[in-house]
Amino acid sequence: LTALNRSAKRKSTATDKLILDAINDKHWDIRVKAIELYTTANKSPSDEAQGMIKNLALNDTKSSVRVIATKKLSASNNDTLIGLFKTIIAKDQSYNVISTALEKLVKLDSTEALLTSRNLIKLNNPKLNIKAAEVLGSYGTVEDYPFLEKLNLVDKPKGEDELSAMISYTL
């Protein structure tokens with residue numbers, strides 16, 4: 001990791017190649033750091049890098065790598081990104097990854113995020129319900145109010161989730 005950090009301070013094709021190679025490292029922590037360093041240093045990632053990051057977002061064995069890859073996904077076409085985020089939401093098993101994809105989706109297409117959130121609440125998962133409630137509270141309609149009411153008055157989330165649920169309920 002130290003070598004990656006040091007090489008990231010010197011912008012060149014050689015350092016970009018080193019960081020790109022690290023994106024495929026066998027250790028998950030190095031992959032996370034490499035994604036962060038590469039996307040910070042390259043505002044317009046190469047097609048090769050975009051493909052690597054997309055592959056990690058969809059297929060990496062570690063959810064922490066999929067989360068950072070999902071956060072850093074980019075494409076020249078918003079429709080492509082929307083499709084990727086919808087695929088991640090539909091197929092991933094990690095609630096953190098799904099939540100991250102939903103956060104990114106809402107920034108690109110709030111209507112699609114609203115529809116996706118309405119589908120997520122059908123899973124009846126407490127963590128996903130909180131993330132869906134954030135979208136429903138901001139973009140939903142009166143039809144979403146019973147869910148938000150139940151979430152706050154019956155399910156009664158705890159801690160940080162309680163605050164998120166209350167804010168969604170009041171919007």
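The legends below describe an overview and several close-up views of one predicted model. Residue numbers start from 1 along each chain as its sequence is written, and side-chain values use heavy atoms, without hydrogens or water. In this predicted model, local features need pLDDT of at least 70 and side-chain atom pairs count only at pLDDT 80 or more, while totals for chains, interfaces and linings use all residues.

**Figure 1. Overview of the chain, with 11 helices and 0 strands.** Helices (H or I, at least four residues) and strands (E, at least two) are DSSP runs numbered from the N terminus. The order along the sequence is α-α-α-α-α-α-α-α-α-α-α. Along the principal axes, the C-alpha atoms occupy a box of roughly 55 × 30 × 25 Å. The accessible surface is about 9800 Å², with 52% of that area on carbon and sulfur atoms; such areas come from the Shrake-Rupley method with a 1.4 Å probe, and for residues only the protein chains shown count as cover. Of the 171 residues, 43% are buried. Buried means under 20% relative accessible area, exposed means over 50%, and partly exposed lies in between (1.4 Å probe, protein chains only). Among contacts with a separation of 6 or more, 49% join residues 24 or more positions apart, a contact being heavy atoms within 4.5 Å.

**Figure 2. Salt bridge between Asp92 and Arg66.** A salt bridge is a side-chain nitrogen of Lys or Arg within 4 Å of a carboxyl oxygen of Asp or Glu, and the whole structure has 10 of them. In the pair of Asp92 and Arg66, the closest N and O atoms are 2.8 Å apart. This pair links distant parts of the chain, 26 residues apart: Asp92 is in the loop between helix H6 (78-91) and helix H7 (95-108), and Arg66 is in helix H5 (residues 63-72). Asp92 is buried because its relative accessibility is 12%, and Arg66 is buried at 10%.

**Figure 3. Ser94 in the loop between H6 and H7.** With a relative accessible area of 12%, Ser94 is buried. Beyond its neighbours within four places in sequence, Ser94 is in contact with Ser63 and Arg66. The C-alpha atoms of Ser94 and Lys104 are 16 Å apart, for a sequence separation of 10 residues.

**Figure 4. Salt bridge between Glu112 and Lys86.** The closest N and O atoms of Glu112 and Lys86 are 3.2 Å apart.

**Figure 5. Salt-bridge network of Glu103, Lys131 and Glu134.** Lys131 pairs with Glu134, with 3.1 Å between the closest N and O atoms. Both Lys131 and Glu134 lie in helix H9 (residues 126-139), and because they are 3 residues apart, about one helical turn separates them. Lys131 is buried at 14% relative accessible area, whereas Glu134 is partly exposed at 28%.

**Figure 6. Leu123 and Asn124 in the loop between H8 and H9.** Leu123 is exposed, with 57% relative accessibility, and Asn124 is exposed at 54%. Asn124 is a residue other than glycine with a positive phi, near 55°. From Leu123 to Glu143, 20 residues along the chain, the C-alpha atoms are separated by 18 Å.

**Figure 7. Lys156 in the loop between helix H10 (145-155) and H11.** Phi of Lys156 is near 45°, which is positive in a residue other than glycine. Lys156 counts as partly exposed because its relative accessibility is 48%.

**Figure 8. Nonpolar surface patch of Leu163, Met166 and Ile167.** Together, Leu163, Met166 and Ile167 have about 270 Å² of accessible area. Patches are made of residues with over 30% relative accessible area and no salt bridge; nonpolar side chains (Val, Leu, Ile, Met, Phe, Trp, Tyr) are joined within 5 Å and like charges within 9 Å. Met166 is part of helix H11 (residues 160-170) and, at 39% relative accessibility, is partly exposed.
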